[in-house]
Amino acid sequence: MRKPLIVANWKMNKNVDEALAFLNDVLSELPADDKEEVAIAPQAFAIYPMMKVVRQTPLQIIGQNAASKCNGAYTGEISVRDLAALGVNYVMLGHAERREIFKESNQTINQKILTALREGVKPIVCTNGKRKLIGRHNHCYSIFSQLDNVLTGVPVEQVANIVFSFEPTEAIGAGKHADLDTAKHGCRLLRREISQRYGRQIAENVRILYGGSVNPDNIRLLMAAPDIDGVLIGRASLDADNFIRMMNYQRTVLARVM
Ligand code: PEP
């Protein structure tokens with residue numbers, strides 16, 4: 001049984017005061033049961049003050065990024081070992097913006113994944129394929145070359161500790177989500193690919209998130225898809241009311257909005 005995972009990626013938004021005010025608004029509205037995991041990835045400096053507030057709650061505070069090295073002369077980098085020491089359980093790695101803007105290569109992301117696994121922090125490995133036309137009418141996503149390289153050297157028994165995400169490049173931050181079929185199809189292909197590489201049982205247990213303009217109106221439909229185990233939410237997660245609705249998506253009406 002794959003436990004749903006809802007991740008808010010705040011990117012470079014919210015100072016400490018704003019982050020704590022957000023917690024104040026949402027903590028009393030966390031889903032009542034233990035049926036899903038909810039996580040917020042704030043800017044790195046907000047992790048510690050937020051961790052102190054959420055300690056007795058199921059809400060997780062996680063990393064948006066971390067280095068492949070754990071300490072040393074790496075100015076500006078974030079140590080995954082030190083995130084682990086704070087009690088952080090997940091770190092996002094290979095987000096589309098890290099790849100596009102900061103030119104992170106598959107090899108760099110691979111090193112970061114290996115380090116995070118070694119330090120006991122679960123990587124959320126982002127894949128962000130570009131849409132390609134195959135033949136005259138069919139499209140596919142070029143995510144699998146990213147998988148080839150980023151998973152090099154990951155021991156098979158560690159694959160279960162990785163969460164994967166599928167984010168169509170054109171839907172990230174666009175305010176325009178991918179259509180439901182694209183979201184479903186991408187996540188299904190990703191699971192099939194993991195199955196081919198690591199076997200069916202591992203693929204059935206691994207969680208796959210969809211990301212790209214998720215909002216309170218489309219989340220329930222996305223979460224109903226068999227291969228979508230959670231969502232990565234950027235812009236819509238910055239508003240506390242929206243976030244409360246999304247983490248409680250199971251209570252919302254299932255409507256055809258995509
Ligand atoms: C993201 O940053 O991973 C993302 C999906 O952003 P948005 O929800 O704004 O598209």
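Colleague: Which residue lies over the face of Trp-10?

Modeller: This is a predicted model, where local features need pLDDT of at least 70, side-chain atom pairs count only at pLDDT 80 or more, and totals for chains, interfaces and linings use all residues. Residues are numbered from 1 along each chain as its sequence is written, and side-chain values use heavy atoms, with hydrogens and water left out. A charge sits over a ring if NZ of Lys or CZ of Arg is within 6 Å of the ring centre and within 35 degrees of the ring normal. Here Lys-14 lies over the face of Trp-10, 5.3 Å from the ring centre. Likewise, the charged end of Arg-98 sits over the ring of Phe-102, at 4.2 Å.

Colleague: How many aromatic pairs are there?

Modeller: Rings of Phe, Tyr and Trp (its six-membered ring) pair if their centres lie within 6.5 Å; planes under 30 degrees apart count as stacked, over 60 as edge-to-face, the rest as tilted. That rule gives two aromatic pairs. Trp-10 and Phe-22 have ring centres 4.8 Å apart and planes at 80°, so they are edge-to-face. Phe-22 and Phe-243 are tilted, because their planes meet at 45°, with centres 5.7 Å apart. Trp-10, Phe-22 and Phe-243 form one aromatic cluster.

Colleague: Is Phe-243 buried or exposed?

Modeller: Buried means under 20% relative accessible area, exposed over 50%, partly exposed in between (1.4 Å probe, protein chains only). Phe-243 is buried, at 0%. Trp-10 is buried too, at 0%, and Phe-22 is buried at 3%.
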